[in-house]
Amino acid sequence: MRTRLAGALLSVLALTFTATGCGGSPGAATPSPQRSSAGADRVEPLGRKPTPELPVTVRSSDGGKVTVDRAERLVPLSGSLSEIVFTLGLGDRVVARDVTATFAQAAKLPVVTRGHDVSAESVLSLRPDLVLAESTTGPAEAMDQIRAAGIPVLVVAPASGLDDVGPRIRSVAKALGVPGAGEELSRRSEQRIAAVTESVPEERPRPRVAFLYLRGSASVYLIGGKGSGATSLIEAAGAVDAGAASGLEKDFTAITSEALVKAAPDAILVMSKGLESVGGVDGLVKIPGVAQTPAGMDRRIVSVEDGVLLNYGPRTDQVLKSVVAQLYDGKGGAE
C-alpha cells in the first residue's frame, strides 16, 4: 500500500504491512467525500478557466522528459494531484480518480486503484492523454504497462512540507500547458497560508504536538518523527513536533509508553478516520501511554480528514486554519 498523503504516508503504510503481515490495507474501501474538521470537502477552482497551450515537453521527477500533446483526458493518480488539477480549473478533463481523491467534485469519477495500487487495465480502458503520478505510485509493473501502451506519464516529486505547495502546483500546471494559471494558483495558495500563519497565537512555551497514525482495525499505532510529513504543518501552527523533538529519527515509530513520555505532547494530531478506528478520543486515551501525556490528560486532540491533512496543496490553508483553531481555540476539538 502506498501513500496518497504527500509522501509521508508511504512510510506509515509500509510499516502497516509489516505490522499486519498482510498485503491488504485497513480501511482500504473507497472513501466517500466527507466534511472534515477543515471544512474542506470541496476544492475552489480559479475564477478563470484556462485553455491549455500544447504541446509542451517537461521534465519528470524520475529523470526523464515527457511530451504532452493533448490534455483532454487526464488521470491523476493521487488525491493531491487531483486536487491541483481541479483547482486549476481543469477538472472537467479528469476521467478517473485515485482512492484518496475524496473531495466532492471528484466523487462520481471511476476509481482506478485497488487496495491503493494502480490498476493498469482500468487506467488504459479510459484512454487517457496524460497520467499524473507521484514518485511513490505503484506497483512499478502497472506504471510500466501504462507507459508501454504509449501513454505519457508525468511523475511529480512528493510533498513533504509547506514549501512544496507552490512548486508542485507550478509543475502540474506547466505539464498541462497552463503555466499562467499555475503561477496564479501558487500565489493564491501561498498568500492564504501566510495569512493563516500570521494569525497564529503566540503561546509560550510553544505547544508540543505529536502526530499519531492510527489504524485500530489492524492494531497499528505509530508516532511520527523526522520526515513524517507533519513537521512543517505543526511548526506553521506555532507548535513543536513532539516526535521529532524527542529524537525520533525514523519517519514513524511504533507507539510505546516510553516514546510518548519522552515526546510529552501537549496535543495530539490525528487523521479523522484513524481516530474513528480506535473509538474516538475515549479509545485513543486507552492506548498505552497516551493517558499519561499532557495531551491525553487534557484530551487535547486535533483531528483532520485523512485525504487532505498532508496533501500540501491548494487546500492546505484550510487544513492549517483548522489545526490552529482546534489547537488554541478549543484546546483540541475532537470528541
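**A first look around**

Let's start with Phe211, which counts as buried because its relative accessibility is 1%, below the 20% cut-off. Keep in mind that this is a predicted model.

**Aromatic pairs**

- Phe252 counts as buried too, with a relative accessibility of 4%.
- The rings of Phe211 and Phe252 have centres 5.9 Å apart and planes at 65 degrees, so this pair is edge-to-face, given that angles over 60 degrees get that label.
- This pair ties together distant parts of the chain: Phe211 sits in strand 8 (residues 208-215) and Phe252 in strand 11 (residues 252-254), 41 residues apart.
- How many aromatic pairs does the count come to? The total is 2 aromatic pairs.
- The other pair is Phe86 with Phe103: their ring centres are 5.1 Å apart and their planes stand at 75 degrees, so this one is edge-to-face.
- Here again distant parts of the chain are linked, with Phe86 in helix 2 (residues 79-90) and Phe103 in the loop between helix 2 and strand 4 (113-114), 17 residues apart.
- Phe86 is buried at 9% relative accessibility, and Phe103 is buried at 1%.

**Helix 5 against helix 6**

- Look for helix 5 (residues 165-175) and helix 6 (residues 179-198), whose axes come within 8 Å and cross at roughly 160 degrees.
- That angle makes helix 5 roughly antiparallel to helix 6, because anything over 145 degrees falls in that class.
- The crossing of helix 5 with helix 6 is right-handed.
- On the helix 5 side, the contact uses Val165, Gly166, Ile169, Arg170 and Ala173.
- Facing them from helix 6 are Pro179, Gly182, Glu183, Leu185, Ser186, Ser189, Glu190 and Ile193.
- Sorted by class, the residues of this contact come out as 6 nonpolar, 4 polar and 3 charged.

**Helix 2 against helix 6**

- Helix 6 also meets helix 2: their axes come within 10 Å and cross at roughly 110 degrees.
- That makes helix 2 roughly perpendicular to helix 6, because the class covers 65 to 115 degrees.
- This crossing is right-handed.
- Helix 2 brings Ile84, Thr87 and Leu88 to the contact, while helix 6 brings Ala181, Gly182, Leu185 and Arg188.
- By class, the contact of helix 2 with helix 6 has 4 nonpolar, 2 polar and 1 charged residues.

**Cis peptide bonds**

- Most peptide bonds are trans, and most residues other than glycine have a negative phi, so the spots below and in the next group are worth a look.
- Leu54 and Pro55 are joined by a cis peptide bond, with omega at about 5 degrees.
- You'll find Pro55 in the loop between helix 1 (8-20) and strand 1 (56-59).
- Another cis peptide bond joins Arg204 and Pro205, where omega is about -5 degrees.
- Pro205 lies in the loop between helix 6 and strand 8.

**Positive phi angles**

- Ser219 isn't a glycine, yet its phi is positive, at about 55 degrees.
- Its place is in the loop between strand 8 and strand 9 (220-224).
- Is Ser219 buried or exposed? Ser219 is exposed, because its relative accessible area is 52%, over the 50% cut-off.
- Tyr312 is also a residue other than glycine with a positive phi, near 50 degrees.
- Tyr312 belongs to the loop between helix 13 (306-309) and helix 14 (316-329).
- Tyr312 counts as buried, with a relative accessibility of 1%.

- Asp144 lies in helix 4 (residues 140-148).
- With a relative accessible area of 47%, Asp144 is partly exposed.
- Asp144 and Ala120 are 24 residues apart along the chain, and their C-alpha atoms are separated by 8.8 Å.

How values were computed: Residues numbered from 1 in each chain as written. Predicted model: local features only at pLDDT ≥ 70, side-chain atom pairs only at ≥ 80, totals over all residues. Heavy atoms only, no water. Axes fitted to C-alpha atoms, helices over the stretch in contact; angles between N-to-C directions. Helix = DSSP H or I, 4+ residues; strand = E, 2+ residues; numbered from the N terminus. Parallel < 35°, antiparallel > 145°, perpendicular 65-115°, else oblique. Left-handed = near helix turned anticlockwise from the far one by under 90°. Contact = heavy atoms within 4.5 Å. Nonpolar A, V, L, I, M, F, W, Y, C, P; charged D, E, K, R; others polar. Phe/Tyr/Trp six-rings, centres within 6.5 Å; stacked < 30°, edge-to-face > 60°. Buried < 20%, exposed > 50% of the residue type's maximum accessible area, 1.4 Å probe, protein only.
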